[in-house]
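Here's a quick briefing to read with the model open in your viewer. We'll go through the cores, a sheet and the cavity.

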Amino acid sequence: MADIISTIAGTGVKGYTGDGGPAVSADLSEPFMCELDTKGNIYIVEATNHCIRLLDIDSQIVNTIAGTGQAGYSGDGGPANEATFNEPYAVQIAANGDIYVVDRLNAAIRKIDHSSGIISTFAGGTKGGGYIEPNDCFLVEDNALLVADVQSQKITSVDLLSGAVTDVAGNGEKARKGDGGLALEASIFGARAVCKDNKGNMYVCEREGNAIRRIDTKGIISTIAGTGDFGYEGDGQHSLKSTWNGPKAIRCDQANNLLVVDTENHAVRQIDLSTYTVQTVAGGHEGGDGDGGPSTEAGLNRPHACSADAKGNLYIADSDNHRVRFVTRDWEQW
């Protein structure tokens, strides 16, 4: 049985409508991330609607929970749904319900308190606090938030109690150097996204480098995927022989796979972290076709994120199709 793709949010028309109604009837604008909470609800980060919407998994109703739809940098100390953002890119939801938002063009990490709904700037802000263009974040056991900054070429860790920011990878040089040495002394070629697996290894997505780096539990960095060349080759082969085209997101699933959103190839690919074999799992050509059919025969349009639930099903932020796509996976294939 093939993995089947469908649309769970968005009409395909760019817009900002539909709050209070079915998610499939809502107009979205460039969803750049779709992240799950512990209940399976889906948080949709819309970059050019400057907002975060929540898709209730039971009712399939969507509502805006943060942002007004207008670009800006206001609202700290007040309700999140009255605040403004400037192209938010990523979100993480803590176990207690606190929400952390990467407010990209405000160079800020903002926090929405789970009990009050009040928003505040947690780190950075208007190019202060060390961030230039943060693009992604990843929670580590609710103790720290990893942040990937694509312009500073660094991965930092923000302590969730103190707010203290510490460099964990990257020396600020835009290049791929330092494999085999300490991550703090290495250079990163476009630090676009970051995540960790359940063994404590960290993965960094290099947007311009067309590669994936790994930082082990001892802080040693290496390249695990990508030759560095633009391309779309290597499915069925070892990841070091693969080519990519502007990958922009990475997340691990429950089956020891690293999901890589190969944005400019309009594909989601996976790297089996046991064998380091690459395989396309959704998309592979530009388009919006394919709903109801095999995911690898469907079209995507510059996807920017992918998340997996506990059953391995995929949620794809199909950005330029202004939709969120869902892939029901057949684990027996893998």
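A nonpolar core here is a set of buried Ala, Val, Leu, Ile, Met, Phe, Trp, Tyr and Cys residues joined through side-chain atoms within 4.5 Å. Keep in mind that this is a predicted model.

**Nonpolar cores**
- The largest nonpolar core has 58 residues, and Ile42, Val91, Leu145 and Val268 are the ones touching the most other members.
- Take Val91: leaving out residues up to four places away in sequence, it touches Met33, Glu35, Tyr43, Val45, Ile52, Ile99, Tyr100, Val101 and Cys137.
- There's also a second, separate core of 30 residues, with Ala169, Ile212, Ile215 and Ala225 among them.

**An open sheet**
- Four strands line up as β19-β20-β21-β22, with antiparallel pairing, in an open sheet.
- β19 (247-252) and β22 (278-283) are the edge strands; each has a single partner strand, so one side of each has no neighbour in the sheet.
- From one strand to the next, the twist averages 25 degrees.
- Inside the sheet, β20 (residues 257-262) and β21 (residues 267-272) pair in the antiparallel sense over six bridges.
- Asn257 has Asp272 in β21 as its bridge partner.

**The cavity**
- How many cavities of 30 Å³ or more are there? The count is one.
- The largest cavity has a volume of about 110 Å³.
- It is lined by 18 residues, of which Met33, Asp136, Ala249, His304 and Ala305 are the closest to its centre.
- Elements giving two or more residues to that lining are β3 (31-36), β7 (88-93), β11 (134-140), β15 (191-196), β19 and β25 (305-308).

Technical notes: Residues numbered from 1 in each chain as written. Predicted model: local features only at pLDDT ≥ 70, side-chain atom pairs only at ≥ 80, totals over all residues. Heavy atoms only, no water. Buried < 20%, exposed > 50% of the residue type's maximum accessible area, 1.4 Å probe, protein only. Contact = heavy atoms within 4.5 Å. Pairing = 2+ DSSP bridges. Axes fitted to C-alpha atoms, helices over the stretch in contact; angles between N-to-C directions. 1 Å grid on protein atoms, 1.4 Å probe; cavity = no way out; pocket = protein on both sides within 12 Å on 5 of 7 lines; lining within 4 Å. Points joined across faces, edges and corners; volume = space filled by probe spheres on them.
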